Amino acid sequence: MSKKICIDAGHYGKINVSPTIPEYYESERMWELHLLLKKQLERYGFEVIQTRAKQEVNLGVELRGLVAKGCDLFLSLHSNAVASYTMDENVDYPLAFVPLNGSADELGKLLSEVVAKVMETEQNGRVATRRFDEDENRELDYYGVIRGAVSVGVPAILLEHSFHTNSRIVRWLLDDKNLERLAAAEARVIAEFFGVGDEPEDYPEWKARIVGAEELNVRETPNGEVIGVIYSVTVIGEAPDSDGDIWYKVRIGDGREGYVWPKYIER
């Protein structure tokens, strides 16, 4: 039986604009990211549902968590902001909020770490819990989406993709290709966590162009021995190296397959 995941784009409409870069709204970019993540997860065979069918729909936070009933995971996508809501170039850590009951600690850690790696943040990814009311010391989660999911027995993660009060991060998140990289990396972590596999079987092949170089070395394995060079590229898959960095799988002219470093490839 396939695993079922509920994905939530954290806000609706035009919510949480970056203080000095007006093109960035958390609500809009996280909506795009959640659509990309849905496609990536479906390629691994997950059944994926959304908390809302349209970006402009406003659904209460606990209700969004309740949508996950019967799922194996609830994941809400966000970008963060410092308390003053002013630009702060020194704060950029990704953060996974997880339930007080410990049901998502491990996966939350893995996701915050992969976001840090892909986004190349200065600060490491973190995991945290937050109580609804610290004074009353109740075992009740602060975030409504997490409360809703936990109430129907579903592990939940609210994943902050660094801070939209950091200008480098904002510009990074405004790049569609970067959102694609995030979605692919997060889907891979989730797939590995649930034991689905290393690579989806139906990877859509695509033609790429080489940038910043005239030719590319092709390696037998990700970051492995060079087995040839190519001057044009058809990407047929992806795979991580021993450090977790993603390499593109390509065809070589003689029918062999190998791996190239994505830095020099564009769609």
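In this report, a residue is called buried under 20% relative accessible area, exposed over 50%, and partly exposed in between, with a 1.4 Å probe and protein chains only. By that scale R209 is partly exposed, with a relative accessible area of 47%.

The model is predicted: local features need pLDDT of at least 70, side-chain atom pairs count only at pLDDT 80 or more, and totals for chains, interfaces and linings use all residues. Residues are numbered from 1 along each chain as its sequence is written, and side-chain values use heavy atoms, with hydrogens and water left out.

Helices (H or I, at least four residues) and strands (E, at least two) are DSSP runs numbered from the N terminus, and two strands pair if DSSP finds at least two bridges between them. Six strands make up an open sheet with mixed pairing, in the order β2-β1-β3-β6-β4-β5. Its edge strands, each pairing on one side only, are β2 (47-50) and β5 (126-128). On average, neighbouring strands of this sheet are turned by 25 degrees against each other, direction ignored. Helix α1 (residues 26-43) packs on the sheet and touches β1 (4-9), β2, β3 (73-80) and β6; contact here means heavy atoms within 4.5 Å. The direction of α1 makes about 145 degrees with that of β3. Such axes are lines fitted to C-alpha atoms, for helices over the stretch in contact, and angles run from 0 to 180 degrees between N-to-C directions.

Within the sheet, strands β4 (residues 95-97) and β6 (residues 156-163) run antiparallel and are joined by three bridges. L95 has E160 as its bridge partner in β6.

**Salt bridges**

Side chains of opposite charge can pair when their charged atoms come close. A salt bridge is counted where a side-chain nitrogen of Lys or Arg lies within 4 Å of a carboxyl oxygen of Asp or Glu. The structure holds 12 salt bridges, including those in the table.

| Salt bridge | Closest N and O atoms |
|---|---|
| D72 and K3 | 4.0 Å |
| D176 and R29 | 2.9 Å |

D72 is partly exposed at 27% relative accessible area, and K3 is partly exposed at 33%.

The salt bridge between D176 and R29 joins two helices: D176 lies in α6 (residues 176-193) and R29 in α1, so parts 147 residues apart in sequence are tied together. R29 is buried, with a relative accessible area of 11%.

E266 in strand β13 (residues 265-266) and R209 in strand β7 (residues 206-210) are 57 residues apart, and their pair links distant parts of the chain. E266 is partly exposed at 27% relative accessibility. A network of salt bridges also links D8, R52 and R64.

**Surface and loops**

F132, L140 and Y142 form a nonpolar surface patch with about 240 Å² of accessible area together. Patches are made of residues with over 30% relative accessible area and no salt bridge, like charges being joined within 9 Å and nonpolar side chains (Val, Leu, Ile, Met, Phe, Trp, Tyr) within 5 Å. Accessible areas come from the Shrake-Rupley method with a 1.4 Å probe; for residues, only the protein chains shown count as cover. L140 is found in the loop between β5 and α4 (144-151) and is partly exposed at 32% relative accessibility.

D88 is located in the loop between β3 and β4 and is partly exposed at 24% relative accessibility. Not counting residues up to four places away in sequence, D88 touches V82, T165 and N166.
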